[in-house]
Amino acid sequence: MRDYENNKGTMMIDGVSSVDIANKFGTPVYVTDEQIVRENYRNIYNAFAQYMPTEVHYACKANTNLAILSILNQEGSHIDAVSIGEVLTCLKAGFPAERIMYTGVNVSDEELAQVVQTGCRINLDSRSELERLAKITTDIPISFRITPGVASGHSEKVMTGGKGSKFGIPMNQVIDTYARAKDLGFDVKGIHAHTGSGGMTTDPFTDVVDVLCEMVNRIEEEVNIKLEFLDFGGGIGVPYRPHDPEADLNELAILITDTIQEETDIKTVALEPGRFIVCDSTVLLTKCVDIKEAGMKKFVGVDAGFNTLIRPALYDSYHYVAVANKFNKAGVAKYEVVGPICKSGDYIAHDRALPEMEEGDIVAVYCGGAYGFSMSSNYNSRPRCAEVLVNNGEAELIREREDFEDLWRHQIVPARLSK
Ligand SMILES: Cc1ncc(COP(=O)(O)O)c(C=O)c1O
């Protein structure tokens, strides 16, 4: 978890007062520190690239803001995209098609044709998708996502690699599928798996790389295809709590690249971190609008609910909170930090020691850069919030706050109902 500078009781984000940002751009607002995005990308890329040729495919589902994508494009990142919308967004941000790999699940013919049109790389999730792609073209390099039988993650809802998962080619069909792709005339370049998201140990990664390496060799022996890249997916966990350990990237890189280089002739390792690159780059600033005591509980009502940050409500995820305008004050009481959504499950943080809270205080919710804005919604007819980018003492708007017109923009009321 990042430490933020404390300037006489105000939380500072790369030299800019968080309170000034809240006042200028309104709340709730996601505030991203550009240098942290760059640093995270460089750290993870360099950790692996010192041992073997590496492609970091940023899993853009974590955060698809065009400015953040543009930063990563400047860094030379590749992209893991899961929908045609993500592919087009990354192209709009300037990524060349060859640095985007599309891995869909339950992909329609229409979407497959659109993805082919963009010229990006395609990583296939099923035999059905292979057969349907062959009807569009075979003149395209492909790879396959396999189901490795290894699952990991911070919640069952984000575990993807276990046996019986909806994702990927089941282990007992992998060889046949590669053989079929070869028969169809495809140039098959790689193999991919993703075990899940947010696990904090190296085991799932080493386990999945073992499975992938074994498969690489079987594919070469049994189907005579020499694969060029091995992509072991994303999911590297990050510290959300003050004393959570950080991932040891160097240890992970050594374990993985040693195995790949000792066991196979694979030339390039690929990985797909989303959370690792953007999570701690961003805080969500939300204003305290209401204070209430009920029973034994003290509630801080803030203007961000699960419409703005759904992770606590959806996964019971922990996000550290601090009071940005009382940054040097210690916690004096335990509070429930809750939002404006009409559901009892709407909360941001449970049972947190905070300074004496007052209406108008600015609560900073840490680690909001991954699956924060990208999973936000208009639930309860609330316009989605703004996003701001901070760099070297300057704060710039990178997404305008929606207005009420945005809520109604695509709705049509049949004329007969307006009479
Ligand atoms: C296929 C795939 N790759 C990468 C990721 C990124 O995971 P994380 O953000 O935890 O690194 C996901 C997350 O859902 C995924 O499904």
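This is a predicted model: local features need pLDDT of at least 70, side-chain atom pairs count only at pLDDT 80 or more; totals for chains, interfaces and linings use all residues.
Local features are reported where pLDDT is at least 70 and side-chain atom pairs only at pLDDT 80 or more, whereas totals for chains, interfaces and linings use all residues. Residues are numbered from 1 along each chain as its sequence is written.

The protein chain is divided into domain 1 (5-32 + 279-408) and domain 2 (34-277), with bounds taken from an automatic or database domain assignment. The C-alpha centres of the two domains lie 32 Å apart. Their contact takes 21 residues from domain 1 and 22 residues from domain 2, two residues being in contact if their C-beta atoms, placed from the backbone, lie within 7 Å. On the side of domain 1 that touches domain 2, the elements giving two or more residues are β20 (386-391) and β21 (394-399); helices (H or I, at least four residues) and strands (E, at least two) are DSSP runs, numbered from the N terminus. The largest share of this side, four residues, comes from β20.

In soluble globular proteins, nonpolar side chains tend to be buried together. The largest nonpolar core of the model holds 123 residues, of which V29, L212, L230, L285, V363 and A364 touch the most other members. Such a core is a set of buried Ala, Val, Leu, Ile, Met, Phe, Trp, Tyr and Cys residues joined through C-beta atoms within 7 Å. A residue is buried if 20 or more other C-beta atoms lie within 10 Å of its own, exposed if 12 or fewer, and partly exposed in between, with C-beta atoms placed from the backbone. Leaving aside residues up to four places away in sequence, V363 touches T286, C288, V300, V302, V321, V323 and V337.

In helix α3 (residues 66-75), the buried residues are I68, L69, I71 and L72. These residues lie on the same side of α3 because they cover an arc of only 155° around the axis, as given by the directions from the helix axis to the C-beta atoms. Their packing partners are β4 (29-33), α2 (34-49), β5 (54-59), α4 (84-92) and α10 (275-278). Just after α3, G76 takes a positive phi of about 90°.

The ligand is surrounded by 18 residues, the closest being A59, S197, G234, G274 and R275; a residue is near the ligand if its C-beta atom, placed from the backbone, lies within 6 Å of it.
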